[in-house]
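Me: Got a model open here and want to go through it quickly. Can you take my questions as they come?
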Amino acid sequence: MPSDILGSLRALVCDSKTAPAPRVDYGRMTDFSTMPDWVSYQSMQNAFQRDKIFADYYFLPRSGRMEAEIDTPQGRKLLFSGYNYLGLANDPRVVEATQRAVQIYGSHAGAARMVGGEIDAHRELEQELAEFTGHEDAVVCVSGYGANVSVLAYLLGKKDLLVHDNLMHNSGIAGGVQSGARRMAFPHNDYDTLERILAEHRDHADRVIILVEGSYSMDGDIADLPRLLEIKRRWGCWLMVDEAHSIGTLGETGRGLAEHWSLASSGIDIVMGTLSKSFSSCGGFICGGKPMIALLRTYAPGLLLYSTGISPANTAAALAALRVLKAEPERVARLQENSRMFCVEARDRGMDIGDAAGLAPIVPVIIGHDMKGLRVASRLFEQGVLAHPILYPVVPRDSSRIRFFITAMHEPAQIHHTLDLLQKELAD
């Protein structure tokens, strides 16, 4: 090698050993305002506050109870953005039971249930939820989102497979990620593709969970339980159904997806539900066979293990709401009639509501472009109707929708009035 080249290489090596490392801008790396979402957040705030392009209906405070109409700083609004599906949050029996629980137990469970946070009402609620859903046992925890994450992360591992509907709630996806299992999605309600996935991959996994929602929170349609039961039996899988929006709303007495299809609920291996919708409280629960529930109660991190027990107030509220629901199934009938009415009236006006058929208390009116969805929702808000738009990336691009949550509290006149306003705004 020529001496001049060798000398240059030596110099380069020497320089690399003595030259200072490039300065890293650690301040910028720890500045939250440099995160990509900050730009989106600022744009949204400008649209709401400075430019006044759209009405600001996010994080909108209300005074008083959540009924068909609520009082806000912008005036009284007809509400289609609430989970109080059966109106039980305002029922005097539920309110009284909540107050009584706080008087007896105080405001806090006190600890994780395994080590001092257990109260009698916890097991009462679990036993009545199990009976209501037709399962052997149940476990109640502080979060519906957390219930999905904890159960999936505990039951599945790296040798397992999670196959889920591609519209599955984020909590199910997060649980799958945390589990380390392989995850595969099938197109929404496309059970032929589900079968093809299992035919190709079932033999390469130990345990397999098929994960769906009973009633889908963005589209207002429901899962085909007969087909799912057939598939899970053929391929030796567990079937897990997220009934957050379907328990208390589907079936003649609100017992959920299995009752709607007139099938035994025991065919569903894992039922997840929330207390924050039909049961007018806050928290989550899992129903299933006794061995599974015993394992989850003892070993699933984040469910009861490493987590404080659900508060006495939330426990009592859910238990009282469940008892009122069992005594007054006409609330479910009224909710279902309102949902059907909304769907029929919307379609009669030429609105695109996708596959919603009035079976679930959710009806999306699909608008299209995000800006149009925001503008229509803003105009409704200005005219006294609160229904929030759902935009990309929560839904596919150019399929923005205004999502209407229907309740048993809505009157037919309120539904007709809302759809009349919406029809006019869409035409304009």
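Me: What percentage of the residues of the chain count as buried?
Reply: This is a predicted model. Of its 428 residues, 51% count as buried.

Me: And how many helices and strands?
Reply: The chain has 15 helices and 13 strands.

Me: What box do the C-alpha atoms fill?
Reply: Roughly 95 × 55 × 50 Å, taken along the principal axes.

Me: Let's look at α9. Which of its residues are buried?
Reply: Helix α9 spans residues 225-235, and the buried ones are Leu225, Leu228, Leu229, Ile231 and Lys232.

Me: Why are those on the same side of α9?
Reply: Because they cover an arc of only 165° around the axis, they fall on the same side of α9.

Me: Which residue takes a positive phi just after α9?
Reply: Gly236, with a phi of about 65°.

Me: Back to the whole chain. What share of the contacts joins residues at least 24 apart?
Reply: Counting contacts between residues at least 6 apart in sequence, 69% join residues at least 24 apart.

Me: Last one, charges. How many positive and negative, and how far apart are their mean positions?
Reply: There are 43 positive and 52 negative charges, and their mean positions are 4 Å apart.

Methods: Residues are numbered from 1 along each chain as its sequence is written. This is a predicted model: local features need pLDDT of at least 70, side-chain atom pairs count only at pLDDT 80 or more; totals for chains, interfaces and linings use all residues. Side-chain values use heavy atoms; hydrogens and water are left out. Buried means under 20% relative accessible area, exposed over 50%, partly exposed in between (1.4 Å probe, protein chains only). Helices (H or I, at least four residues) and strands (E, at least two) are DSSP runs, numbered from the N terminus. The arc is that of the directions from the helix axis to the C-beta atoms. Contact means heavy atoms within 4.5 Å. Lys and Arg count as positive and Asp and Glu as negative; His and the chain ends are not counted. The place of a charge is taken as NZ of Lys, CZ of Arg, CG of Asp or CD of Glu.
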